[in-house]
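Subject: Structure handover

Hello,

Here is the structure I promised to pass on. Please load it first, then read my notes below.

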Amino acid sequence: MYESIAALLERMVCDQERLPAGDARRFFHSTYLRTTRAIAEEIGQGGFLDGAWLERWDLVFAQLYLDAFDAELAGEPVSAPWRIAFDVARTRPELPPLRHILLGMNAHINYDLPQALIAAITPDDFDDPATRASRARDHAHVDTVLLALVGAEDDEIRASSRVTPLDRLMGPLNRAATRRLLTESRAKVWRNADVLDRARREGPQRYAAVLANLERSCEAKLVELTRPGQVLLRLSRHGFGVVLPKDL
């Protein structure tokens, strides 16, 4: 794992160059690169209650994506959610950029983020009300940073020659749906992290079983994203994110 977000950003810039022009995997990667820069800026400005912890969490979180990225380029197995995102990028590169970004976002937020949270929050931290509240507030503040980027990301997408007139017409609705996606799915992530925390206290086998359930749920959500039509509007009706049953 990288020692700083600065080192992480250097790696991500290099990884961008590993993907040839026209590779649909570049859409999510470039979006994630920009959001990582924004998080780094917010840490530098003292925007989080515990900037040092937030950086540790962000490095763990990013490493999960980078591990999947490296495995994909090496032809090695990846988790089911990332397998769908990468396969669609390879076999259906003509899809709108937003679709590829959403696939990557769903794999990384719904599946990777709960794992990153419990890697960066110990059971003792979960049990301490003050520490838990601090972590929850910083987790929520990340939403504020991400929501501020939605308009800029939409401009990046709209600049693509692959955006159709319908995509441009749907821009305002897509931006609203993206904002809801972020807030709703990340709220569910915090809840899922709590379920994973309880599972890890019961032992490795229990944790593996709950994580496998999360993987299947995330896989189903990504399959839904591969279907034709305006996926953001469809998800607005069906709900964003996934939820692990508390009594799983």
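A salt bridge here is a side-chain nitrogen of Lys or Arg within 4 Å of a carboxyl oxygen of Asp or Glu. K221 and E224 form one, with their closest N and O atoms 3.7 Å apart. That distance falls within the 4 Å cut-off, so the pair counts. Both residues sit in helix α10 (residues 204–225). They are three residues apart, about one turn of the helix. K221 is buried, at 10% relative accessibility. E224 is buried too, with a relative accessible area of 11%.

Salt bridges with shared partners also join D23, R25, E72, R83, D87 and R90 into one network. The structure holds 18 salt bridges.

Please keep in mind that this is a predicted model. The average pLDDT of the chain is 87. A score of at least 70 is reached by 81% of the residues. Take care with residues 165–173, where pLDDT stays under 50. For that stretch the model has twelve contacts beyond four places in sequence.

Now the fold. The chain has eleven helices and zero strands. It has 248 residues, and 54% of them count as buried. Take the contacts with a separation of 6 or more: residues 24 or more positions apart account for 77% of them. The accessible surface of the chain is about 11,100 Å². Carbon and sulfur atoms make up 56% of that surface.

R186 pairs with D143, and the closest N and O atoms are 2.1 Å apart.

D127 forms a salt bridge with R201, with 2.9 Å between the closest N and O atoms. This pair links distant parts of the chain. D127 is in helix α6 (residues 123–127), while R201 is in helix α9 (residues 171–201). The two are 74 residues apart.

Over to you.

Best wishes

Terms used. Residues are numbered from 1 along each chain as its sequence is written. This is a predicted model: local features need pLDDT of at least 70, side-chain atom pairs count only at pLDDT 80 or more; totals for chains, interfaces and linings use all residues. Side-chain values use heavy atoms; hydrogens and water are left out. Helices (H or I, at least four residues) and strands (E, at least two) are DSSP runs, numbered from the N terminus. Buried means under 20% relative accessible area, exposed over 50%, partly exposed in between (1.4 Å probe, protein chains only). pLDDT is the predictor's confidence in each residue, from 0 to 100. Contact means heavy atoms within 4.5 Å. Accessible areas come from the Shrake-Rupley method with a 1.4 Å probe; for residues, only the protein chains shown count as cover.
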